[in-house]
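Reader: I would like to examine this structure through its pockets, its nonpolar cores and its aromatic rings. Please take these topics in turn.

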Amino acid sequence: VSMINRVRRAVEVPLSIYVHWPFCKTICGYCNFNRFIYDHNINMQQMEDAFIEQLKYYNNFTRERKLHSVFFGGGTPSLAEPKFIDNVLKFIDQNWQNKDESGVEISMEVNPTSVEIDNLNKYKQSGVNRISLGIQSLNPSDLSYLGRTHSVSEAISAINSAQSIFDRVSIDLIYARRKNPNLLSDWNDELHRALNLGTKHISLYSLTLEPGTAF
């Protein structure tokens, strides 16, 4: 009986699916995630097939659970071809029939560069309904220090573009980036700038020094 109850309780727990795209154009000095330099020779079909096989495996024992959310993280998932995102979401939609009544939140991490922003409409057509932008800083020197390849103006343009297409847009910012005698006042100013950009969600992360990274 206790085993049946445990199984029953497990089925009642909402399900969130995380899809990890491990490739980036450049490696940020602070990042210790599973990531590799993007190569245009990557066989996208093999990647897609591998993801689908993994999803099939997990579907065997989670298909009865209520699907609550899907998150494409990385790496830089917006480097994947839109067709890849579309096919993965179609498989999830077809194989997890029990979905949250309020709708499934489908999020995707995107870098604020024009080549990736250009695909926003395609992501929305595939079912993505929330965009998470890796802004990290609104300070030019700190963007350079962190190894980010976008500018502040590109970041703001990306936020505006995303908000014109998606109702739900979040941005990431990193704080405690380096020694600065004006750290608190500068951070306070930067937060106010971020809040004035109109995003409904801001995720704040402290810069952490991880083994195996440039930091």
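**Pocket, cores and rings**

Reader: Which element gives the most to the lining of the largest pocket?

Author: The model is predicted. Its largest pocket has 42 lining residues, with Tyr30, Phe33, Gln136, Arg148 and Asp172 nearest the centre. Two or more lining residues come from each of β4 (67-74), β5 (105-110), β6 (130-136), β7 (168-175) and β8 (201-206). The most, five residues, are given by β6.

Reader: What is the volume of the largest pocket?

Author: By class, 16 nonpolar, 18 polar and eight charged residues make up the lining of the largest pocket. The space of this largest pocket amounts to about 910 Å³.

Reader: Which residues have the most contacts inside the largest nonpolar core?

Author: The largest nonpolar core holds 50 residues. Apart from this core lies another, of six residues, among them Cys28, Cys31, Leu146 and Leu207. Inside the largest core, the residues with the most contacts are Trp21 and Leu133.

Reader: Which residues are linked with Trp21 into a cluster by ring pairs?

Author: Leaving aside residues up to four places away in sequence, Trp21 touches several residues, including Met44, Met47, Gly73, Pro77 and Leu79. Tyr38, Phe51 and Phe84 are also among the residues that Trp21 touches. The cluster that ring pairs build with Trp21 consists of Phe23, Phe36, Tyr38, Phe51 and Phe84.

Reader: Why is the pair of Tyr57 and Tyr58 classed as it is, and what is that class?

Author: The count of aromatic pairs comes to 11. For Tyr57 and Tyr58, the ring centres lie 5.1 Å apart and the planes stand at 75 degrees. Planes over 60 degrees apart count as edge-to-face. The pair of Tyr57 and Tyr58 is therefore edge-to-face.

Reader: Are Tyr57 and Tyr58 buried or exposed, or in between?

Author: In this classification, buried means under 20% relative accessible area and exposed means over 50%. Tyr57 has a relative accessible area of 47%, and Tyr58 has one of 41%. Both values fall in between, so Tyr57 and Tyr58 are partly exposed.

Reader: By about how many helical turns are Tyr57 and Phe61 separated?

Author: Tyr57 and Phe61 also form an edge-to-face aromatic pair, at 5.3 Å centre to centre with 85 degrees between the planes. Both belong to helix α2 (residues 44-62), where they are four residues apart. Their separation is therefore about one helical turn.

Definitions and conventions. Residues are numbered from 1 along each chain as its sequence is written. This is a predicted model: local features need pLDDT of at least 70, side-chain atom pairs count only at pLDDT 80 or more; totals for chains, interfaces and linings use all residues. Side-chain values use heavy atoms; hydrogens and water are left out. On a 1 Å grid over the protein atoms alone, a cavity is a set of points where a 1.4 Å probe fits but cannot get out, and a pocket is an open set with protein on both sides within 12 Å along at least five of seven lines; lining residues have an atom within 4 Å of a point. Grid points are joined across faces, edges and corners, and a volume is the space filled by probe spheres set on the points. Ala, Val, Leu, Ile, Met, Phe, Trp, Tyr, Cys and Pro count as nonpolar, Asp, Glu, Lys and Arg as charged, and the others, Gly among them, as polar. A nonpolar core is a set of buried Ala, Val, Leu, Ile, Met, Phe, Trp, Tyr and Cys residues joined through side-chain atoms within 4.5 Å. Buried means under 20% relative accessible area, exposed over 50%, partly exposed in between (1.4 Å probe, protein chains only). Contact means heavy atoms within 4.5 Å. Rings of Phe, Tyr and Trp (its six-membered ring) pair if their centres lie within 6.5 Å; planes under 30 degrees apart count as stacked, over 60 as edge-to-face and the rest as tilted.
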